[in-house]
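Morning, everyone. Let me put the next structure on the screen, and then I'll walk you through it.

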Amino acid sequence: MFAWIAENIGTIIICAVLIAIVAAIVIRMIINRKRGNSSCGCSCGCGCADCALNDISKKQTAARR
């Protein structure tokens, strides 16, 4: 058992670091979601598709004027 761990210590460390990074990203996303922050960057609280559709409709409305 210890021989296997010694042979694969590099892989074990890399996997542990990757798991920690993914966990930190997920936790940050959950915290942002609870605070009402959006991942799309427009801080409107809606989904990214909604922001894109609103931008398109605003541009079309402005072009008609």
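This is a predicted model: local features need pLDDT of at least 70, side-chain atom pairs count only at pLDDT 80 or more; totals for chains, interfaces and linings use all residues.

Start with the fold. The protein has three helices and zero strands. Along the sequence, that reads α-α-α.

Now the surface. The protein exposes about 5,800 Å². Carbon and sulfur atoms supply 65% of that area.

Where is the nonpolar patch? Look at Trp4, Ile9, Ile12, Ile13, Ile14, Val17, Leu18, Ile21, Ile25 and Met29. Together they make a nonpolar surface patch of about 960 Å². Which helix gives the most to the patch? Helix α2, residues 9–35, with nine residues.

Take one of the patch residues, Met29. Met29 sits in helix α2. Is Met29 buried or exposed? Its relative accessibility is 55%. The cut-off for exposed is over 50%, so Met29 counts as exposed.

Next, the geometry of α2. The helix has 27 residues. At 1.5 Å a residue, α2 should span 39 Å; the expected span takes one less than the number of residues. The end C-alpha atoms of α2 are 39 Å apart, so the two values agree.

Last stop: what follows α2? Gly36 does, and its phi is positive, near 90 degrees.

Technical notes:
Residues are numbered from 1 along each chain as its sequence is written. Side-chain values use heavy atoms; hydrogens and water are left out. Helices (H or I, at least four residues) and strands (E, at least two) are DSSP runs, numbered from the N terminus. Accessible areas come from the Shrake-Rupley method with a 1.4 Å probe; for residues, only the protein chains shown count as cover. Patches are made of residues with over 30% relative accessible area and no salt bridge: like charges are joined within 9 Å, nonpolar side chains (Val, Leu, Ile, Met, Phe, Trp, Tyr) within 5 Å. A salt bridge is a side-chain nitrogen of Lys or Arg within 4 Å of a carboxyl oxygen of Asp or Glu. Buried means under 20% relative accessible area, exposed over 50%, partly exposed in between (1.4 Å probe, protein chains only).
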